[in-house]
Amino acid sequence: MRFYTFVLKNILRRRVRSALTVIGMAVAVGAVVALVGISRGFERSFLAIYQREKVDLIIQQRGVKQKLTSVLDAGLGKKIAEVPGVKTVNSGLVDFTSMDELGPVGVLVQGWEVDSPMMRHLNILTGGRPLEASDKNCLLLGERLALSLDKKVGDTLKVFDDATYTVRGIFKSNTVYENGGMVVPLADLQRFMGRRGQVSGFTVTVDQPDHKAEVERIRHAIEALGKNLEVTPTIDFVNSTQEIVFIRAMAWITSAVALVIGAVGMLNTMVMSVFERTREIGILRAIGWGRWRVIRMILMESMVLSLAGGAVGAAGAVLLTRVLSNQPAVSGMIDSYVAPDVIAQGFLIALCVGLLGAAYPAYRGAQLLPTEALRHE
Amino acid sequence: MNKPKHDPFLFRTEQLCKLYPDGQVHAVEDVNITVRRGEYVAIMGPSGSGKSTLLNLLGALDRPTSGEVYIDGMRLSKVRNVDRLRSRMLGFVFQSFHLLPILTAVENVQVPMFEGRLSASARIARAKELLDLVGLGHRIHHMPQKLSVGERQRVAIARALANEPIALLADEPTGNLDSVAAEGIFELFARLHREEGMTIVLITHDEELGRRAQRLVRMQDGHIKSDVFSARRRLRTPLPPFAV
C-alpha cells in the first residue's frame with residue numbers, strides 16, 4: 001500500500017463530509033472563476049473591438065473616463081488625418097438605448113460613417129449588406145440582438161422614440177458587445193441624440209505601429225491639436241476604461257467574499273475532521289508515525305479535496321457562464337468563453353485555500369502527545 | 001542521541017513521577033524500574049494503580065512530570081526525535097486493538113511502515129510475513145470487522161512488529177478477549193519472546209496469565225508494590241541485580 005492510497009481511502013471513508021467539503025470549495029472556486037471569467041471576457045471583448053481594426057490610438061475628450069460622455073467636434077477628424085504618420089481616422093458616436101422587447105437591458109448603439117473602414121470590415125451574414133449613403137432609416141443588427149429580437153434582413157423595428165428602421169444586414173462580430181448591439185449611420189444617431197456635429201471620439205491607425213517613438217510622436221502631435229484632446233494607446237485605454245475598472249473591481253471583491261466563505265468552510269471542515277480523528281491520530285502516533293507524517297496526511301487530504309472542489313467549481317463556472325450568456329436578459333453582455341488561465345487561477349486558489357485551511361488542524365494534530373490523543377473520546 | 005556504550009538495560013527509570021492532568025494526584029510516584037533486553041515482564045494492579053501510565057512513560061507516549069526514562073541508554077528528555085525512536089524501537093498493542101476499519105489486515109500491518117524505508121512491494125511482503133507469523137496468513141485481505149476479536153488482536157500484534165522493534169509494550173492485550181482467544185495471544189507473546197528474543201512488557205488483569213511472565217511487577221497507588229521473578233521460566237538474559 002502506498003501512502004497516497006491510504007490518504008484516498010481516508011477521504012472515501014468519510015463520504016458525506018468529503019462531499020460537503022468539495023461542494024463548499026466548488027462554490028468558492030466556481031464563483032471566482034465565473035466572476036473573474038466574466039470580467040475578463042468583458043475586457044477581452046472591449047479590446048477586440050479595437051484590435052479588429054488594428055486601432056493604435058484612441059482619442060476622447062480629456063478628463064472623461066466614460067466613452068458615452070465624451071464629446072468632440074466631428075470636424076477634428078480632418079485635422080487628425082493630416083498629422084504625418086496617421087494612416088486612417090474613424091469617428092464614432094456611442095449610446096445605449098432600451099427596447100421594449102428586451103426589458104431594462106440597454107442595447108449598444110454605434111453611429112458610424114457609412115463609408116468608414118469599420119463599416120466595410122463588418123462580417124455581414126448572408127442576405128444582408130453594409131449600410132450605404134443612400135439608405136434611409138436603415139440599420140445593422142448584431143447576430144445575438146437579431147436572435148433576441150427575432151429579426152431578419154428586411155424586417156422593421158422601432159428604435160429612438162418609435163422611429164421605424166429597416167434591418168439592412170445582420171453582422172457577426174467576435175466581440176460580445178457588438179453582437180448584442182446595432183450600427184446606425186452616424187448622422188442618424190447624432191440627430192436622435194441631439195449631438196449634431198459631435199462624436200464620442202476617434203480611432204486612429206498609424207503607418208508604423210511597431211515604432212514606439214513614432215507612435216508617441218503622433219500621439220503628442222494629435223494632442224497639440226486641441227487642449228481638450230486625450231490620446232491614449234488602445235491597450236491603455238481599455239485598461240483605464242471606467243467600465244472595465246469597475247467590473248474588475250466588482251469581480252475581485254465578490255470573488256474575495258466567495259473565497260473567504262470557501263476558506264472558512266474549508267477550515268471548519270478540516271478542523272472538525274481532525275477533532276473527530278484525534279484518537280485515530282493518537283493511534284497513528286503510538287504505532288510509529290512522526291509529527292510530519294500526520295501533517296502530511298492532513299495536508300494531502302486537504303489538497304485532494306481542494307483540487308476536487310476546484311475541478312467541480314471550474315466546470316460549474318464554465319457551465320454557468322455558458323447558460324447565463326444565452327439568457328435574453330444578459331444577451332450581449334456576457335461572453336461565454338472562460339480563459340484557461342482563469343481556470344488555472346481557480347485551481348491555484350483552491351490549492352492555497354485548502355493548504356491554508358488545513359495548516360492549523362495539521363499543526364494541532366501533530367502537536368498532541370499520543371496519550372492525549374488516545375484519551376480523546 | 002545521547003547513547004552510552006554499555007547500558008545493560010533496555011528500559012530504566014529514575015524517580016519517575018507523573019501527575020494526573022488535574023495536577024493534584026500522582027498517577028505514578030518515584031518509580032524506579034529496569035527491564036533488560038529479552039525480558040518478559042507482566043505488570044498487574046488494580047485500576048488506577050498507575051500501570052498504564054508507567055507503560056506509556058516507558059514507551060515515550062507520554063512525558064513524565066519529573067524523573068527520567070532511559071531507553072537503551074538514551075535519556076528520553078534529551079532525545080530530539082522521540083517519534084523516530086518510538087517508531088524504530090518499540091511496538092504497541094492496545095486492549096481495543098485500534099485497527100483502522102477502512103484497511104484490510106495486510107494494509108493495517110503496513111501503516112507503521114510508512115515511516116521506514118521499505119518500498120511499497122517490500123511493505124506488502126513484510127506485512128504478509130508478519131501475518132503468517134501470528135497465524136493469520138490465510139486472512140490477510142479480511143477487513144477488521146470480518147475478523148474475530150482474537151484475530152484482530154493478532155493483526156494488531158503483527159502491526160506492532162512491523163518496524164522490527166526490540167520491545168513490545170502491550171496494555172491489557174487480552175482485556176477484550178474470551179479465555180480461549182486470550183490464551184492464544186499469550187502463547188503468541190511467549191513464542192515471540194522465546195523464539196525472537198523479543199522484550200515484552202505487558203499489563204494484564206489476569207492473574208494466571210500474569211504469572212506466566214518471567215517477571216511480575218505489581219503496582220498500587222502509583223508505586224511498585226512488588227517485583228517478582230518467576231522461577232517457572234528461565235530467563236534468556238540474566239536478571240537485573242536488584243528488584244525495586
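**Where chains A and B meet**

Modeller: Gladly! In the contact, 22 residues come from chain B and 17 residues from chain A. Please keep in mind that this is a predicted model.

Colleague: Which elements give two or more residues to the side of chain B that touches chain A?

Modeller: They are helix 2 (82-89), helix 3 (105-110) and helix 4 (120-133) of chain B. Helix 2 of chain B gives the most, with four residues.

Colleague: Let us turn to one residue. Why is Ala162(B) called buried?

Modeller: A residue needs 20 or more other C-beta atoms within 10 Å of its own to be called buried. Ala162(B) has 25 C-beta neighbours inside 10 Å, so Ala162(B) counts as buried.

Colleague: Where does Ala162(B) lie in the chain?

Modeller: Ala162(B) is in the loop between helix 5 (149-160) and strand 8 (167-171) of chain B. Leaving out residues up to four places away in sequence, Ala162(B) touches Val109(B), Pro112(B), Met113(B) and Leu130(B). Ser87(B) is 75 residues apart from Ala162(B) along the chain, and their C-alpha atoms are separated by 9.5 Å.

Colleague: And chain A: into which domains is chain A divided?

Modeller: Chain A has domain 1 (3-45 + 244-375) and domain 2 (63-227). The centres of domain 1 and domain 2 of chain A, taken over C-alpha atoms, are separated by 45 Å.

Conventions:
Residues are numbered from 1 along each chain as its sequence is written. Chains are lettered from A and ligands numbered from 1 in the order in which they are written. This is a predicted model: local features need pLDDT of at least 70, side-chain atom pairs count only at pLDDT 80 or more; totals for chains, interfaces and linings use all residues. Two residues are in contact if their C-beta atoms, placed from the backbone, lie within 7 Å. A residue is buried if 20 or more other C-beta atoms lie within 10 Å of its own, exposed if 12 or fewer, and partly exposed in between; C-beta atoms are placed from the backbone. Domain bounds come from an automatic or database domain assignment.
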